[in-house]
Amino acid sequence: MLSRVASSIYWVNRYIERAENYARFIEVNLNLSLDLPRGTIEQWEPLVATTGDHEMFVARYGKATKETVLHFLVADAENPNSILSCLLGARENARSVKEIISSEMWEQVNRFYLLVRDAVTRGMSHHDLHAFLADVKSASHLLWGITDATMSHGEGWHFARLGRLLERADKTSRILDVKYFILLPTADEVGTPFDIIQWSDLLKSASALEMYYKRYGRIAPDDVAAFLILEPTFPRAIRYCLIKAEDSLHTISGSERGSYQNVAEKRLGRLRAELDFVDIEDCVTRGLHEFVDHFQARLNQVGEAISETFFAPRRVHHTGSVTEEQ
Amino acid sequence: MKFSTYDPGEFYDELFEGIGRPRRGSALLLRKFASLPDGELRKRQQAAERVILNMGMTFGVYGGDEGHEQIFPFDIVPRIVEAPDWTLIDTGLRQRLRALNLFIDDVYHEQKILKDNVIPSELIYSSKGFLKACWGLNPPRGIWCHIAGIDLVRISDGRYYVLEDNMRCPSGVAYVLEARQVMKRTFPELFEAYRVRPVDEYPSRLLETLRSLSDLPDPTIVILTPGSYNSAYYEHSLLAQKMGLELVEAGDLVVIDGSVHMRTTKGFQRVDVIYRRINDEYLDPLVFRPDSLLGIPGVMEAYKNGRVAIANAPGTGVADDKAIYAYVPKIINYYLAEEPILPNVPTYVCWERRDRDYTLEHLNQLVVKATNDAGGYGMMIGPQASQQEREDCARRIQADPRNYIAQPTLALSRSPTLVEDHIEGRHVDLRPYVLQGKGLYVLPGGMTRVALKKGSLVVNSSQGGGNKDTWVLS
């Protein structure tokens with residue numbers, strides 16, 4: 001498969017998953033705000049901090065209010081990670097591989113783009129916003145369903161899944177981080193009903209509430225973190241994402257699990273293995289935010305290695321074997 | 001729908017020989033139309049348009065918004081070419097392409113035709129399509145032009161004339177293939193009644209042609225596109241799908257150790273044949289345009305050394321120059337010692353003093369074309385232009401006479417076209433496609449372009465033209 005084609009399929013999926021998760025971020029914040037004690041002001045700044053684009057936001061908007069933050073995350077074409085920009089990026093990438101993907105996939109990407117574009121052009125009331133966020137999530141799910149059901153599960157499909165899952169792993173870690181940035185009214189509130197409500201809002205944003213209850217029964221901060229990080233069977237949990245991403249990576253390279261042929265496999269394998277042999281106490285002892293931060297940096301390195309290994313091969317020796325250019 | 005009052009007027013009509021009198025091959029079609037209930041044709045037209053929309057048949061327009069796509073306008077009344085007419089076209093095109101190929105090969109080797117003063121050598125050297133880099137090259141089998149699209153027009157005398165030779169990257173064949181699909185859905189009963197020659201084998205013929213460029217048993221062939229913003233991207237993508245070839249952009253290709261490779265997820269894969277849909281000057285920034293982002297550095301060197309084959313061969317554009325077109329009848333005489341079967345349209349080459357003077361004096365009667373532009377860009381239609389436009393055109397001709405030719409405004413033939421719920425005559429041309437590999441193949445059909453605006457003579461899709469299916473009868 002052409003590197004450019006693989007890269008486009010991978011990025012269509014990263015962008016779409018990113019858009020979906022931005023909708024989740026906004027949802028979690030809306031819910032958290034609703035559940036704050038009376039008299040506390042809404043906090044929007046933490047949401048921007050979670051995305052990692054805080055500097056860009058401050059430079060462009062200054063003060064974080066509900067309006068500026070929503071515009072930045074949903075409709076700002078200058079923010080490369082806004083929902084609108086993600087859909088533009090996904091559509092352009094899909095357009096350039098139209099002959100590779102199924103026409104149903106292309107049509108869904110196109111419809112998804114139009115949904116976002118129209119909402120942005122029209123502007124949204126508070127009521128519309130909730131409906132819009134729900135639409136974004138289901139449009140993303142629909143595209144994945146179509147991809148799964150209409151595209152051969154060959155190399156291209158595995159690049160699609162790889163893009164989806166690496167993006168999701170990163171974003172789930174950020175959803176978890178929202179809780180770190182959101183300030184409780186006082187330190188004493190830890191463990192109070194407010195705190196508990198916030199943890200369950202978090203689970204809701206990751207569509208994880210029901211599955212969490214089945215696993216743990218009641219809300220406890222460490223269990224929530226354990227579920228979103230380490231649960232091997234929940235599809236939005238970080239560990240699940242890494243296990244399946246690694247499967248795809250090995251299918252693409254044709255190498256055995258438990259071994260590696262390239263830097264991408266090596267880095268992803270190590271990261272996944274770490275999650276296999278860690279428990280939530282280990283994570284919490286280090287500090288959950290620090291754990292998440294470190295994880296995101298490592299995951300970025302996996303992304304870089306994938307791009308270098310598959311999307312930008314550079315030169316060959318006379319024998320024809322491929323090497324990475326140093 | 002009744003057609004007893006249909007009036008071909010002063011024009012040659014493709015389906016009617018007189019008022020209400022269909023030609024032999026069209027009678028069945030028109031009887032069928034007449035038997036349809038009122039409004040039915042319109043319904044089928046709308047159904048066809050829906051099919052086209054869903055197929056995503058689009059073209060882009062230069063100068064509009066980047067990546068601006070439009071749905072291709074389509075008319076469901078086919079243009080019919082009867083068997084004897086087609087035989088003439090077929091033999092005429094074969095003759096023309098054989099001669100043009102010998103001409104290109106000669107121009108890059110011995111230049112006998114220049115030494116014998118049949119064509120002024122300055123005209124060749126000043127042609128943008130003439131590439132010094134191709135001097136002395138021997139493309140596989142001595143074939144330069146593998147894919148050609150020759151524009152034909154028919155005028156009041158009922159004869160076909162060659163209007164233009166598209167020898168670089170002729171487009172439109174995707175519309176021929178898709179138009180046929182649409183028509184089969186729209187009028188299945190007519191396809192049962194008529195013996196229309198099929199066009200569907202074009203992709204396999206093209207693949208065969210491309211394979212003939214390599215001696216390998218299973219060469220790796222790619223289609224090189226400028227990318228998804230190109231106006232013909234739809235076609236590039238469709239041909240790639242139908243031939244099962246990789247559709248690559250220049251950035252996907254890289255020259256390593258003298259050979260062309262594509263970047264794949266498994267590393268670099270050697271490429272043996274490139275069907276390029278970009279013009280010569282964008283092929284290789286090392287040789288042509290250092291400012292170009294579109295090219296593949298080193299590809300010309302690989303090509304010269306026989307490490308990769310390119311279709312059409314670089315340098316073929318010299319035969320696409322509209323000033324050189326004027327000499328094609330002489331070229332046919334010279335190389336084949338035959339008279340041209342398909343005549344040229346009378347052409348004034350502004351580079352020649354006498355022709356230029358005539359052109360400047362008769363601008364209000366002539367169509368002026370830039371010698372290196374395609375798609376109707378840079379064209380001035382004298383009788384329809386304003387005084388200002390004609391004066392601008394005169395200035396351009398005087399500033400750069402080599403770049404312009406002029407032709408009389410032709411009374412293009414018309415073909416009945418659906419307008420609301422009845423048919424009216426609209427002007428048409430015809431672009432058949434010719435493949436040259438181990439043998440010559442003329443696709444029995446072609447792109448019939450129709451000027452949908454009443455009275456308009458401009459059939460280019462970028463300028464309000466549409467498309468019809470072309471039925472060659474056997």
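Two residues are taken to be in contact if their C-beta atoms, placed from the backbone, lie within 7 Å. The model is predicted: local features need pLDDT of at least 70, side-chain atom pairs count only at pLDDT 80 or more, and totals for chains, interfaces and linings use all residues. Residues are numbered from 1 along each chain as its sequence is written, and chains are lettered from A and ligands numbered from 1 in the order in which they are written.

The contact draws 17 residues from chain A and 18 residues from chain B. On the chain B side, at least two residues each come from helix H9 (233-243), strand S9 (246-248), strand S11 (259-264) and strand S12 (267-270). Helices (H or I, at least four residues) and strands (E, at least two) are DSSP runs, numbered from the N terminus.

In chain B, strands form an open antiparallel sheet in the order S10-S11-S12. Strands pair if DSSP finds at least two bridges between them. S10 (253-256) and S12 of chain B are the edge strands, each with a single partner, so one side of each lacks a neighbour in the sheet. Four bridges join the antiparallel S11(B) and S12(B). B:His261 lies opposite B:Arg270 in S12(B).

In chain A, helices H1 (residues 3-34) and H7 (residues 126-150) pack at about 150°, with axes 9 Å apart. Axes are lines fitted to C-alpha atoms, for helices over the stretch in contact; angles run from 0 to 180 degrees between N-to-C directions. H1(A) is therefore roughly antiparallel to H7(A) (angles over 145 degrees). Residues meeting there include A:Ile16 and A:Ala23 of H1(A), and A:Leu133 and A:Val136 of H7(A).

Technical notes: Angles under 35 degrees count as roughly parallel, over 145 as roughly antiparallel, 65 to 115 as roughly perpendicular and the rest as oblique.
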